[in-house]
Amino acid sequence: MGLDAETAYLFRHALLRDAAYQLQPPADRAGLHKTALEVLTPLVPEGADGDGWALELAEHAQRASLAPGADAEALGRTELNWLMRAASHEQRQWHNRKAVDLLLRAAGHAQAAPRERANALHDACSVLMGSGGHRDVPPLLEQAQRLVAKLGDDALYLRSASLHTRYAIAVADYAGARAHVELGLQLARKLDDRQQHGSLLNYLAQLCIAGTDHEGAREAAQQALEVLHGTGHATGISRAYLYLGDTAWQEGNLSEAETHLRKSIEVLENGGHPAALASALDHLGSLLQGRMRLDEAESLHRRALLISQQVGEQVGVASITANIANLETARGFHDRARELYIQSLGACRAAGVATQEGVVLGNLGMVARQTGRLAEGVACLEGARRIFARSGRVVEQAVFTGALGQLCLLTGDIARADALLHEAYTALKTAGAARWREHYVGVGLVRLLAWQALSGGDLDAFRAQAAVTMQDYEQGAEGIRQIIQEVEHALAQHQPARLFRGFLVADLSPQARVALLDSMSRQDPKAYVALQANTELWLQMQQDTQGLPVPPWNVIEIE
């Protein structure tokens, strides 16, 4: 049984005291609260140490104001002050929903001045965005903006611009974010507010990364470091290093990226917001995943997840969960990865964060290929492409376009595979994203051109693409060499290649092979008979599939 603080003074007699309290006339109750306020207030420690008492004292002040002849205005001010201290206490305890409720109560308080209301609303928006409550933010931002406009205060305009930028980035409204960040930067320079200036430069770096403007991202992050130097703003400094790392990562400079990301973590180990530390740990974990340092990556992701859970950062929890799913995929545990992706997707959709939703949906589409859920894979990848097309994130859109092209190739839709893979390759080449291009699309083009070469297509085009992809994607080089050997040997010997529509059988999970064979037998019986005639390939496709159920390859459960 839980007891309110006001009934806990004499715990052994709490129920009797509560009954006695309820029997008091309202005026007498108010008098009791006034007495409690007067007695307890001097006992409250100074500063943050006393904030744990704040909510109780706010309640006493509110109820004391109902006493006949009470100075309601003065008690209202007292209540408001304790409410703000209580909200600060709840924020420090990471009781995010409770903090928001107290801030909104303060913002709606009769004694709150317009500036106090605006600050309380801004604080509520910040807490909401730090805990996955993005869907509740727009009306509060709008309400605060009306107050700011009436006050005409540049400092409040600056904070409003910063919060609008943060929200717009979260929901992938990059045009809106750009307008807010430019206004904010002007105000920050005017007010010489270095902390907000650095934070807005970090937002600008984030926007540049989203738009594949690597030089712009690097410049903004470097400027943020210069502006924040000497301020002690660990979170902002760490963010600048993180965006330098992300920029180097996008460009394929993985060692440089790792150096920056480790610096981002180092800055926060001695102070700064825990959620920022979790983000930096998670980014480094993802980078190390790409370098196949899986045990190191898992350790970083697990630490990041624990921190995010402790502070109630739900979007962070969703993103990190998805990255742990990526790790499970790299280790071949595709069913487990799918479960984690679905969990993450639900959280992203609940929070209304479009970019994270798109990434998770696309990754879910890619793992669907390995679990044999072919139709679901197409649906998820199409959904991811739509999200990134709306937001203008070229790299992500192209990566998942390429993944969809590879799935189309695998399922026999060669014409669409050709169009999608070339579209994605061109987009990533224009964006200067060599690593993403060859990893996610170049390998697909090699598979496509291999299949076409075996069917009388351009052998030289296949050889050229294979050479470029091997050069820029070292991890995939051995697999590409095997594809080259299969194609060259088959053409030289005039015999079928041991490739399934351009794919090495080793790159297809047993579940995927069961699904592909079942779908081929039903949708393309002629190709199925031809496959059976290619004895070596047929036996390879059958390997380790005995006893496996046919996956629901034509069913869409998630999209």
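**Questions on a predicted model**

Q: Which helix supplies the largest share of the lining of the second largest pocket?
A: In this predicted model, where residues are numbered from 1 along each chain as its sequence is written, local features need pLDDT of at least 70, side-chain atom pairs count only at pLDDT 80 or more, and totals for chains, interfaces and linings use all residues. Side-chain values use heavy atoms, without hydrogens and water. Helix 22 (434-454), strand 1 (499-500) and helix 26 (525-533) each give at least two lining residues; helices (H or I, at least four residues) and strands (E, at least two) are DSSP runs numbered from the N terminus. The largest share, four residues, comes from helix 26.

Q: How much space lies in the second largest pocket?
A: A pocket is an open set of points on a 1 Å grid over the protein atoms alone where a 1.4 Å probe fits, with protein on both sides within 12 Å along at least five of seven lines; lining residues have an atom within 4 Å of a point. The volume is the space filled by probe spheres set on the points. For the second largest pocket, this space is about 330 Å³.

Q: Which residues lie closest to the centre of the second largest pocket?
A: The lining of this pocket has 11 nonpolar, three polar and two charged residues. Among these 16 residues, the closest to the centre are Trp451, Leu499, Ala530, Asn534 and Leu537.

Q: Is Trp94 buried, partly exposed or exposed?
A: Trp94 is in the loop between helix 4 (72-92) and helix 5 (96-107), and its phi is near 65°, a positive value in a residue other than glycine. Buried means under 20% relative accessible area, exposed over 50%, and partly exposed in between (1.4 Å probe, protein chains only). With a relative accessibility of 28%, Trp94 therefore counts as partly exposed.

Q: What is the relative accessible area of Met292?
A: The loop between helix 14 (274-290) and helix 15 (294-311) holds Met292. Its phi is near 65°, again positive in a residue other than glycine. Met292 is partly exposed because its relative accessible area is 46%.

Q: How wide is the arc covered by the buried residues of helix 23?
A: In helix 23, Phe462, Gln465, Ala466, Thr469 and Met470 are buried. They lie on the same side of helix 23 because the arc they cover around the axis is only 130°.

Terms used. Nonpolar A, V, L, I, M, F, W, Y, C, P; charged D, E, K, R; others polar. Arc of directions from axis to C-beta.
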